[in-house]
Amino acid sequence: MSFFSVNSPAIAGRKTGGASQKNTVAARPIIYPSYNTSPKAPDSTGMHSNAVQLAAKIRLGWNIGNTFEAPGGETGWGSPVITEDYIKFVKQQGFNAIRLPCAWNLTHLADKGKARIDINWLNRVKEVIGYCVKNDMYVLLNIHWDQGWLENNCTALKKDSVNAKQKALWEQIATTMRDFDEHLMFASANEPNADNAEKMETLASYHQTFVNAVRSTGGRNSYRVLVVQGPSTDIDKTNDLMTALPQDQVAARMMVEVHYYSPYQLCLMDGNASWGKMFYYWGTGHHSAIEPEHNATWGEESDVNTTFNKMKVKFADKGIPVLLGEYGAYRRNNGKHVPLDLATHNDAVDYWLTYITKQAKANGMLPFFWDTGGALDRQNYSVKDQRTIVALNAGAN
């Protein structure tokens, strides 16, 4: 499938036919006030890097997961309050970029009927971004799952109402964060559920609304690098379905985001199933003779190479960096599922982390490891899993 230029019409602008659309009645959109109440003239101060130049400055990224996207706020899922010392600690471990998954709609609207975000929440997020920028850390701020108001509604029926909320929220977020320099990037969504051309068309409209809302606030936002998510942030779906990027008033200031937790049986599966067992052992030289039934049978090096090359060819080679916004494999040593060949398992996890990080960078992708406090202790700023930190850094070198 051909890939159009950044400035070509977005998918949202293309008309499609079909009997199914004739029977679709869009929901009545909710009208929110405009929050672009203080637009500024464009300001390029501190915003000189285009997307490719900015990508070259990002070595290795870190997610502050299960924190600012948690119901009830920052500590809702057990994370301590994030401090500047924690940001400095992350930087000391070799990371120079932070992804800040963030909820806005879920429990942070001061007025739900007007989609007005609580100013205290806006200021708290701004404070944490400030910790990062002050310490020369790049930041990716998004609207995360957020009760799925966007991510679970990539449908023609919900299109107008979701776009109305997307516009209202991003006008407020962008205005509040407008004065940060190029260290701050915005991301339209997290993992929008889209798996066919019709849903992709709707998702493209959400991305276009995001771009328009951010740019409309002016100032440094006129030049800020923006990140749009592929359908389901799945590499194969993104390769097949994402045939255009949003129109933008400034050239070469956009990145694409995908995620990678593959093979599922190694990265995320938490218990054997009727259709297959968990993978404890992955990669050349890291299979077990003791527990062969838990050796990976797919998703190993050649599959990684093939999959990541799709993003290189489709985007990176055309000057559009790809952000690997989440990835991770984790040690099964918590007592619930302990591999019999634990040494080989730990070596395999190390190998996966290094291999994925290295191949991501080799294919023009910026790796951001997903952590919720398992590898770095947020209370006392100590390393809980030194092997993971070493493995990630080995891949980034």
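Contact means heavy atoms within 4.5 Å. This is a predicted model, in which local features need pLDDT of at least 70 and side-chain atom pairs count only at pLDDT 80 or more, while totals for chains, interfaces and linings use all residues. Residues are numbered from 1 along each chain as its sequence is written, and side-chain values use heavy atoms, without hydrogens and water.

**Barrel**
- Eight strands form a closed barrel in the order β1-β2-β5-β6-β7-β8-β9-β10, with parallel pairing (strands are DSSP E runs of at least two residues, helices H or I runs of at least four, numbered from the N terminus; pairing needs at least two DSSP bridges).
- Neighbouring strands of this sheet are turned by 30° against each other on average, direction ignored.
- Strands β2 (residues 97-100) and β5 (residues 138-142) run parallel and are joined by 4 bridges; L100 stands opposite L141 in β5.

**Helices on the sheet**
- Helix α4 (residues 119-134) lies across β2, β5 and β6 (184-187), at about 160° to β5 (angles run from 0 to 180 degrees between N-to-C directions, with axes fitted to C-alpha atoms, for helices over the stretch in contact).
- Helix α9 (residues 301-314) packs on the sheet and touches β8 (254-260), β9 (322-327) and β10 (365-369); its direction makes about 160° with that of β8.

**Residue A394**
- A394 belongs to helix α11 (residues 386-396) and counts as partly exposed because its relative accessibility is 34% (buried is under 20%, exposed over 50%, partly exposed in between, with a 1.4 Å probe and protein chains only).
- Apart from neighbours within four places in sequence, A394 is in contact with T354 and K358.
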